[in-house]
Amino acid sequence: MPNATAVDDAITGEVIRSGLLVAAEEASVVVVRSSHSTFIQEGADACAAILDAAGQLVAQSTATSLMHGASLRSSLPALLEESPLDSMGPGDVFALNDPYRGGIHANDILVFRPVFGDGRVVFFAGTLIHVADLGGNAVAGLAALATDTFAEGLLLPPVHLYRKGEPVDDVLGIIARNSRAPDKVTGDVRALVAGVNVIARRLEELVERFGTTTVERFVRDSIDDAERRVRDDLRRLPAGTYHGAFEIDGDGVDPDREFEVNVAVTARDGSIDVDFGGTSPQARGTINSSFSQTLSGVVYAVRCFVDPTIPMNEGCFRPLHTRLPGGTLVNPNPPAACGGRIMTVAAAVEAILQALAEARPDHAVGASALIHVFSLSGVDARGAPWLNLFYEFGGLGARAGSDGPDATGAFFLGGRSVLPQIEPLEAQYPLVVRSSRLWVDSGGAGEWRGGLGVETVIELLTPAVVTVRGARMDLPPPGARGGRPGRAGTFAVARHDGTADVLPAKAANVEIAAGERFVLRTSGGGGLGPPERRDPHRVLADVLAGRVSAEGAASDYAVVLDGSGTSIDQPATDRLRDERIAEHP
Amino acid sequence: MTDQRPHFVGVDVGGTFTDVVLADSAGGVTIGKVPTTPDDPRRGVVEGIRDALGRAAVDPGAVSRVVHGTTLATNVVVQRTAAPIALVATEGFGDLLRLGREARVEEDRYDLFFTPADPPVDARLTFEVAERVSAKGEVLVPLTDEAIAGVARRVAAAQPAGVSVCLLHAYAHPAHEQAVAEACRAAVPAAYVVSSSEVWPEMREYERAMTTAVCALVGPVMAAYVAGLESSLHDLGIRCGVEIMESSGGVMSAQAAARRPVATVESGGAAGVTAAGIVGRSVGLADVISFDMGGTTAKTGIVRDGSPAITHDFQIGGKGSFGGTRAGTGVPVKIPVVDLAEVGAGGGSVAWVDAGALHVGPQSAGAVPGPACYRRGGTEPTVTDANLLLGYLDAGGLAGGVTLDADLAAAAVGESIANPLGIDIPGAAHAIHEIVNETMASAIRVVTVQRGIDPRGFTLVGFGGAGPMHVARLAAAFGIQSVVVPWAAGVGSAIGLVSSDLTVDLVQTRILDLEHADATTLTQLFDELEARGRKELDDAGATFVMTRSADMRFHGQAHQLTVSVPDGPLGDEDLSGLAKRFHEVYRQTYGIDADAPAQLVNARVRVVRVVDKLSPRSHQVAERDPNVALAGERAASFVEVGGFTTTPVFDWSRLEPGSRLVGPAIVEGADATIVVPPGYSAAVDRWRNVVLASGEAS
């Protein structure tokens, strides 16, 4: 039959490609379901990825954060430096977490297992999660005011966790002894190992079924194919160099310093060069982004301008060239602290999106409000110590033609499925969540409105300590093209005496008495276009849906509602809008 | 003279065809297939039943059960067509659904314009009530009469069609919810009111609230649909009520379905897996994979130890490569759902070429215009056209009520596939067949290898109008040695409907450290659930079968695994047995050990009321000559022989139990055609099932 081989080949390729993806997907689920950190179990996705022996990214789980996938990709060379391929054997499992060797920060542990075919290493299975606690000067990996990596927790160079299938108890012992939650961290490491074991099993089945070289050939083709598709789409961008900049609101340590990420993005013949020249020198605080993390931001931003269905593998990295000046926020020198790197990664994404929006104005967006992280810890009524990492999202920036989604953090984050729910939290920890609502009027005003932030009130039942790391609170997410910034979020403690202690955006180990309340407001996303141009009916719909107050409609959008609050007073609206335009022509 | 013996009707509404089975208690079966009427599925249902009764000459008054598989609930949720409903939530948490738990996966991640779906309840119809209960079920803020009256008044002013009440920790203390629900019933008598503790008292407020909201959304529609259907059937002379297949594989009365309509979300799919399980049991196989390929989609599921695998993480309209269970990609419902994977691959699936690559589905030509070979004006090549060109279907023969036209099939495949790809027509037909097999294989992969299950020890049960043509190839792709095509395969799901008992599934969240738990508390917990189940299936003289299970985890974990629990009063040894079983399941599932103390989180009970149903008719088996059933021969294409070869065609209805034949061969039934590839043998068992086996060409 003509072309029978081609048909066969296509089918085999499909089986191999989906087999790889499914292996990664399955591993991510296994890690989540068997982990012990509440915020991982209740939602946060584990990253699982497959790399080839040359360190190329082959596949990753579908809900995985690019930050995590890029870290696994960037750290494999460090592992190979310490343990060359020919020294590895079946059943070996390795761990590392050094931000200066591809890692993120101490609490994000990376685990690798080599996968063998024809007696040699063909692939690596990798998994990564934020573990419960690994020391450092505040709990749960949230050392918000650390000024070097040593204050952020135990760093592991590439080490064996298992050797030929046998656990290396010395290393596991060191990890446990350096944690405030030794049982949880041990459970988390076991979960990571379970994940790489799943991938290894699936890949061995594939290699056995189709043969090593066939699998390798299809992996190569699939990477080449992704690269070709990315380049084809990039060729459609008007060639040129575009500039973007994004200011970070502070590192919590040097209040007078200003931090900015600067990019010059050059689109040319199917490739993109990103030059971070002009970016601020590295911070003393934790906002520094190790190279793998900055790279993840670059890949993410560029992927927003190509076909989203292109599979995420090495082919997406190849057309990109980055210049990351050393000693800056985007490529710091050791031992700069890195735990708050999301602020710099997100600034890099915003700066690149802003630059490329010059080439593609339909892709203009307001800035997003990102993620507000806090940890709570204490001793419960039965005398048992407890700790947990929490986070909540701010609003997304407005897009040309649609409002920003509420409380989802940033375009590159995976959505709200990663947040724990209230009932299981209350079942496990001595706290009561008193309310959790969208924060009215927090979305940045604009022709297209920024997404809303959230207001959450948590009552502590026993004395506790809180550490906070807010983003885009001192400088709320700016709007674009005449849109207003989102409202700035806050952390506060409502005291027994009726006062509210407003905390700095980054603060460590603040005490809360039993019965006092921790109050979190996340920022709103930035608006897009002048608010006076927003269709008044959209403003009315926002009022009816509780996103904008009647007062906000008048002050932010110059829309006046009638006495019932359910319809627009058109003459009054026209007058007010005319006045506004006269004031700011 | 009409037949007056009790009869059971099963009717399954698919995307293309509505399948009808009319069965008597002695195992006699009449089958029917009519086009589905999507604008009002009832028309097709009534038409199909009328037709079957007429052909079998059965008095409608003799019908004692009508069991229905319907996609109504799923359609209502996915298409958002229902009238607005209200939600009552604890003060401070009215934004519970709106804040949502959406996940951005796959291509959504890189879409700057991605917008999460709106929740099923409008913000203006969400009401807060002052009250609060702790995780232990203690009242932190009492619910006052004023608060109850106030919220009922506000709800009434909005005049919703349905009201869902979901208060925090109501699984531990349902009284507040019940009081609010009662007040809403009194204030809006026309509305369908439901509370989360009635529907599904399990911890995790978002999924529980969604499950409750889906009930309120679907309830009024389901009640009206069932009432209309019962009335139409009554006009036909059928006097019994309608029963609905549940997503967990049991059957519920129409009244119960109206009370808990969320339980019908995967009604049709569940019937297929149930049918496969019954086939498996009758032939003595405990582990089977169900493969049901119709006109629009193919569905797979697995049966282990005789029971369909169940998921508790179902998302209506969900996506991601985990077969609709990726959290945050759909509307989550916390009821047990038969663990299904569904792909857009059926006989009507359209083949198309894009940028030099061949794709099949997910679009379907449906029943109208149908495949090109149906002569109903369809010009796009479909899987059925390819199967006709490969000689698997009979040119000039009947299918779907029409005569198949091979010239039209060849024209469609030639123009849309063969020419653009530069290959010949048989090559293109072969490619379509293979690609659709690959799509369906991915559905088998979802329910097996993706769940960590090796399919090789299983038997593949292939049915549905198109399934028996593909089943042997699929089995080979997974190294599965044994294949069964059940008698009446073309309407397999409807057979499942009339073979099922009345069932109810119940849950109660109760967090207990197993080390400190006492057996009496646990016994009481299960006894209460069983009593509730018996009451729901009320019938004093009935026989009940109870199945207990428990969701367990290690202290400090959040996710659970389900472990079976012994019947009757539990002793201390049962508690330690439970812990031991949990450790074993954990090791099997995750491949690692853990030594933390075990905790029980949810108690689950399935209560089954045994009722009259179809039991398959057994025949004498003897050595038979298959050639008495030889109906002819035709050229059919097989890769093993490098193309077309003369292939004998047998008439399934004339193949006596005990007949054996060797591939290549084709077995034609009234409702389905079985392809027996070279290297396979086929044997007819005592239930007239065709059992295919590879590598024993005897």
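This is a predicted model: local features need pLDDT of at least 70, side-chain atom pairs count only at pLDDT 80 or more; totals for chains, interfaces and linings use all residues.
Two packed helices are described by the angle between their axes and the distance between the axes. In chain B, helix α2 (residues 72–79) packs against helix α7 (residues 205–236). The angle is about 130 degrees, and the axes lie 10 Å apart. Angles over 145 degrees count as roughly antiparallel and 65 to 115 as roughly perpendicular. α2(B) and α7(B) are therefore oblique to each other. Their crossing is right-handed.

Which residues of α2(B) and α7(B) meet? From α2(B) come L72(B), A73(B), V76(B) and V77(B). From α7(B) come V214(B), L217(B), V218(B), V221(B), M222(B) and Y225(B). By class, this contact has 10 nonpolar residues, with no polar and no charged ones.

**The sheet**

Strands of a sheet pair through backbone hydrogen bonds, either parallel or antiparallel. Chain B has an open sheet of four strands, in the order β31-β32-β34-β35. The pairing is mixed. β31 and β35 of chain B stand at the edges. Each has a single partner strand, so one side of each is left without a neighbour in the sheet. From one strand to the next, the twist averages 25 degrees.

β32 and β34 of chain B pair in the parallel sense, over three bridges. Within β34(B), I666(B) is the bridge partner of V649(B).

| Strand (chain B) | Residues |
|---|---|
| β31 | 630–638 |
| β32 | 643–651 |
| β34 | 665–668 |
| β35 | 673–676 |

Terms used. Residues are numbered from 1 along each chain as its sequence is written. Chains are lettered from A and ligands numbered from 1 in the order in which they are written. Axes are lines fitted to C-alpha atoms, for helices over the stretch in contact, and angles run from 0 to 180 degrees between N-to-C directions. Helices (H or I, at least four residues) and strands (E, at least two) are DSSP runs, numbered from the N terminus. Angles under 35 degrees count as roughly parallel, over 145 as roughly antiparallel, 65 to 115 as roughly perpendicular and the rest as oblique. A crossing is left-handed if the near helix is turned anticlockwise from the far one by less than a right angle, and right-handed if clockwise. Two residues are in contact if their C-beta atoms, placed from the backbone, lie within 7 Å. Ala, Val, Leu, Ile, Met, Phe, Trp, Tyr, Cys and Pro count as nonpolar, Asp, Glu, Lys and Arg as charged, and the others, Gly among them, as polar. Two strands pair if DSSP finds at least two bridges between them.
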